[in-house]
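This report looks at how the parts of one protein chain are held against each other. It goes from the contact between domains to the nonpolar cores and then to the charged pairs.

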Amino acid sequence: MILDILERSLRERSPLIPVEALWNTCEGSRLPDVDPALLTPAIARRVSEICPTAAFTAREESNRMELKLSYGECIGCARCIDVGQGAIVAAKAFPWTGVSKQRLVRRWSVNDRAEVQVISPESEEARKEICALLGRALNIRQLDSGSCNGCEAEITALTNPHYDLERFGIHFVASPKHADMLLVTGPVTRNMAEAVKLTYEAVPAPKLVVAVGACGCSGGVFAGSHAVVGPVDAVIPVDAYIPGCPPTPAMLVSGILQVLHQRNGNR
Ligand code: SF4
Ligand code: SF4
């Protein structure tokens, strides 16, 4: 029996996804991207009207229009893609994970049909540097500050045989006292605010805090609720943000590795 199992597992291909295939991908997240060549004032107005969280906003001034997209507020509902007439498409490559809040914001000049201040994708050199970090130990304490558990479902997938986060030397730990990084999901509810502060204080310095999901980044669909204090950075300092509702496992892996890369002085 055991020999049969061993024989079969040796015969079958490993389901493990190589890191190159995870890096900067966001398939399944329904996060939008913009094709500026097809962008018109009517489309910019339409997507900003239809967006339920004001992640897309259009601003008009002196006959000029700017379209702004804040990934931290995007819940991936794909309404903008439905009405975007090809100018708004599902993002394929996604380097905006594990970055600062400012970098979650993109802008396009509708008149010029061009992105304002394009963020260049990771160079091959940076990608190699990030891969060189793999295998170094990192202990993560995941903290739910009021999430719907959608983000937790994706985080749980990180330890399955497809993603196997432990192959990078990254482990989830039970106590904040053993953690290097806090991975915080959900908007911070009033009931959880004190627990979030105490957990943050229990993590030994130097510590990293990563806000996960639209809720962690901006409050998401719960922003403004009387039961919510705000996003994670309303309660504790945050080093980096991983957007999405929920972020896919690939976005989580890329984001965590990106944070490690920045910690090592690469910005
Ligand atoms: S996918 Fe994001 S940006 Fe588009 S309408 Fe939904 S929340 Fe707004
Ligand atoms: S970001 Fe989305 S999936 Fe994650 S906790 Fe908030 S509502 Fe749930």
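In this predicted model, 13 residues of domain 1 are in contact with 18 residues of domain 2. Domain 1 covers residues 32–116 and domain 2 covers residues 124–263. Their centres, taken over C-alpha atoms, are 25 Å apart.

Between them, domain 1 and domain 2 bury about 1200 Å², and 61% of this area is on carbon and sulfur atoms. On the domain 1 side, the residues that lose the most area to domain 2 are T97, G98 and K101, which together make up 42% of what that side buries. The two domains also share 6 residue pairs in polar contact, counting pairs with both residues at pLDDT 80 or more. There is 1 salt bridge between domain 1 and domain 2. K101 also takes part in a salt bridge with D233.

In soluble globular proteins, nonpolar side chains tend to be buried together. The largest nonpolar core here has 42 residues, and the members that touch the most others are L39, V47, F56, F94 and I236. At least two residues of this core come from each of α3 (41–50), β3 (64–70), α4 (79–83), β9 (181–185), α7 (193–202) and β11 (208–212). Domain 1 and domain 2 each contribute at least three residues to this core.

What does F94 touch, not counting residues up to four places away in sequence? The contacts of F94 are N24, C26, L31, Y71, P243 and M251. A second, separate core has 27 residues, among them V19, Y163, V210 and V212.

**Salt bridges**

Side chains of opposite charge can pair when their charged atoms come close. The model has 8 salt bridges, including these:

| Salt bridge | Closest N and O atoms |
|---|---|
| D233 and K101 | 2.8 Å |
| R59 and E61 | 3.2 Å |
| E66 and R107 | 3.3 Å |

R45 counts as partly exposed because its relative accessibility is 34%.

E66 and R107 form a salt bridge that also links distant parts of the chain: E66 lies in strand β3 and R107 in strand β5 (residues 105–109), 41 residues apart. R107, at 33% relative accessibility, is partly exposed. Through shared partners, salt bridges join R59, E61, E66 and R107 into one network. Is E61 in this network buried or exposed? With a relative accessible area of 51%, E61 is exposed, since exposed means over 50%.

Conventions: Residues numbered from 1 in each chain as written. Chains lettered and ligands numbered in written order. Predicted model: local features only at pLDDT ≥ 70, side-chain atom pairs only at ≥ 80, totals over all residues. Heavy atoms only, no water. Core = buried A, V, L, I, M, F, W, Y, C linked by side-chain atoms within 4.5 Å. Buried < 20%, exposed > 50% of the residue type's maximum accessible area, 1.4 Å probe, protein only. Helix = DSSP H or I, 4+ residues; strand = E, 2+ residues; numbered from the N terminus. Domains from an automatic or database assignment. Contact = heavy atoms within 4.5 Å. Buried area = accessible area lost by both parts, 1.4 Å probe. Salt bridge = Lys/Arg side-chain N within 4 Å of Asp/Glu carboxyl O. Polar contact = N/O pair within 3.5 Å; in protein donor to acceptor, adjacent residues only side chain to side chain.
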